[in-house]
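Trainee: I'd like a close look at one part of this protein, with the rest brought in as needed. Could you walk me through it once the structure is up?

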Amino acid sequence: MAEFTLKKRVVKTLKVNIGEESFHIPLAAYLTPKEAAQLDTAKGTQDFFRKYISKEVADELTIDDFNQITQAYIKESNKVSGKTVGE
């Protein structure tokens, strides 16, 4: 009988600095399928980021701020995984 043991990996994150605070958002390759499915819409992506950014800070972010975080997140996720988000 064949056997396989899944080794847990260290989760790589994007460090987002906002003001004096820093937040770590796990990159796409380290998400569960359920978490990754959230990234299909702008609202889902914002809700995903809000899980990792404090409520006080997230409530002050603009659409442009979320767009900038999203672009940095996509760029770093693609670099780490060698694939584009959504593949």
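Before we zoom in, what percentage of the residues of the protein count as buried? And then, which residues in α4 are buried, and what covers them?

Mentor: Keep in mind that we're looking at a predicted model. Of its 87 residues, 26% count as buried. The protein has four helices and two strands, and along the sequence they come in the order β-β-α-α-α-α. The C-alpha trace spans about 55 × 25 × 20 Å along its principal axes. Among contacts with a separation of 6 or more, 42% are between residues 24 or more positions apart.

α4 covers residues 63–81, so to speak your 19 residues of interest, and from first C-alpha to last it reaches 26 Å, close to the 27 Å expected at 1.5 Å a residue. Its buried residues are Phe 66, Ile 69, Thr 70, Tyr 73 and Ser 77. Look down the axis of α4 and these buried residues fall within an arc of 105°, so they line one face of the helix. Turn to the face pointing away from that buried side and you find Gln 71, Lys 75 and Lys 79, which are exposed.

What sits over the buried face? The cover includes β1 (13–18), β2 (21–26), α2 (42–50) and α3 (55–58). Start with the two strands: β1 and β2 pair in the antiparallel sense over six bridges, and Lys 15 stands opposite His 24 in β2. Their hairpin has two residues between the strands, and Gly 19 there takes a positive phi near 60°.

Leaving aside residues up to four places away in sequence, Ile 69 touches Leu 14, Val 16, Ile 18, Ile 25, Phe 49, Ile 53 and Leu 61. Ile 69 also belongs to the largest nonpolar core, which has 18 residues; the members touching the most others are Ile 18, Ile 25, Phe 48, Phe 49, Ile 53, Ile 69 and Tyr 73. The elements giving two or more residues to this core are β1, β2, α2, α3 and α4.

Thr 70, also in α4, has a relative accessible area of 19% and is buried, the cut-off being under 20%. With residues up to four places away in sequence again left out, Thr 70 touches Thr 45 and Phe 49.

The side chain of Ser 77 reaches the backbone nitrogen of Ala 28 at 3.1 Å.

One last stop, away from α4. Ala 36 lies in helix α1 (residues 33–37) and counts as partly exposed at 31% relative accessibility. Ala 36 and Phe 48 are twelve residues apart in sequence, and their C-alpha atoms are 8.9 Å apart in space. Phe 48 takes us back to the core, as one of the members that touch the most others.

Notes:
Residues numbered from 1 in each chain as written. Predicted model: local features only at pLDDT ≥ 70, side-chain atom pairs only at ≥ 80, totals over all residues. Heavy atoms only, no water. Expected span 1.5 Å × (residues − 1). Buried < 20%, exposed > 50% of the residue type's maximum accessible area, 1.4 Å probe, protein only. Arc of directions from axis to C-beta. Contact = heavy atoms within 4.5 Å. Polar contact = N/O pair within 3.5 Å; in protein donor to acceptor, adjacent residues only side chain to side chain. Pairing = 2+ DSSP bridges. Core = buried A, V, L, I, M, F, W, Y, C linked by side-chain atoms within 4.5 Å.
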